[in-house]
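Hi there,

Here is the structure I promised to pass on. Have a look at it first, and my notes follow below.

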Amino acid sequence: MQPNKKHTAKTYDLSGLSGISDETLEMHFKLYEGYVKATNDLSERIGGILADGKVDQEEMRAYSELTRRLGFEYNGMVLHEYYFENMKRQGGGDPDRTSSFYKAAELSFGSYDIWKTDFMGIGKMRGVGWAVCYRNPETKALSNHWISLHETGNIAGFRPVLVMDVWEHAYLLDYKPADRPKYIEAFFSNIDWDVLNKRI
Ligand SMILES: [Fe+2]
């Protein structure tokens with residue numbers, strides 16, 4: 001961890017999305033700010049333990065617990081930033097067939113439609129977490145993954161290309177819990193494909 005690094009919550013202008021209400025986004029930004037604050041608080045407390053240059057035996061339990069919690073909060077902060085960044089008003093549609101993302105999806109999955117079926121399928125999985133499309137920087141291949149909570153399932157070294165929050169708080173004001181597929185359709189109608197092409 002980095003005890004001296006203070007994170008500042010970013011702001012996003014996402015009002016007027018299709019199928020994801022401004023109320024949902026306002027509530028979601030507040031939750032995100034909570035992850036930023038918790039990341040800073042945990043880093044500061046861990047920094048306090050490290051300040052004398054050692055972790056005493058009696059500090060070990062607290063140090064371990066704070067460090068484990070940091071993985072949850074830090075990933076929660078970062079994934080929300082990718083998520084908010086990959087949406088925009090009047091986004092969506094299918095990506096341009098000549099775009100970097102479209103070509104990468106075709107190369108990796110055989111077709112864009114298969115990539116989309118896989119990504120959407122992961123988003124519909126039961127449980128609390130995220131659907132993330134990653135790019136392997138070595139092979140350039142895309143692959144889709146289920147992330148439990150925020151921290152379990154992320155592939156070390158892979159770069160997130162498309163990040164979709166499927167915690168219930170992402171859609172509960174707009175859809176019933178059983179209607180997650182409707183939220184996923186709404187999410188797809190707001191994707192900023194330019195951002196994905198830049199990430200690639
Ligand atoms: Fe969220």
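How many aromatic pairs does the structure hold? The structure holds 21 aromatic pairs, where rings of Phe, Tyr and Trp (its six-membered ring) pair if their centres lie within 6.5 Å, and planes under 30 degrees apart count as stacked, over 60 as edge-to-face and the rest as tilted. One of them is edge-to-face because the planes of Y83 and W130 stand at 80 degrees, with ring centres 6.1 Å apart. This pair joins distant parts of the chain, 47 residues apart: Y83 sits in helix α2 and W130 in strand β1 (residues 129-135). Helices (H or I, at least four residues) and strands (E, at least two) are DSSP runs, numbered from the N terminus. Both Y83 and W130 are buried, meaning under 20% relative accessible area, with exposed over 50% and partly exposed in between (1.4 Å probe, protein chains only).

A word on the basis: this is a predicted model, in which local features need pLDDT of at least 70 and side-chain atom pairs count only at pLDDT 80 or more, while totals for chains, interfaces and linings use all residues. Residues are numbered from 1 along each chain as its sequence is written, and side-chain values use heavy atoms, leaving out hydrogens and water.

Now the metal. H28 (NE2), H80 (NE2), D165 (OD) and H169 (NE2) coordinate the iron ion at 1.9 to 2.2 Å. H80 in helix α2 (residues 60-85) and D165 in strand β3 (residues 159-165) are 85 residues apart. H80 has 0% relative accessibility, so H80 is buried, and D165, also at 0%, counts as buried.

Enjoy exploring!

How values were computed. Donors are N, O and S atoms within 2.8 Å of the metal (3.2 Å for Na, K and Ca); water is not among the atoms, so sites may look incomplete.
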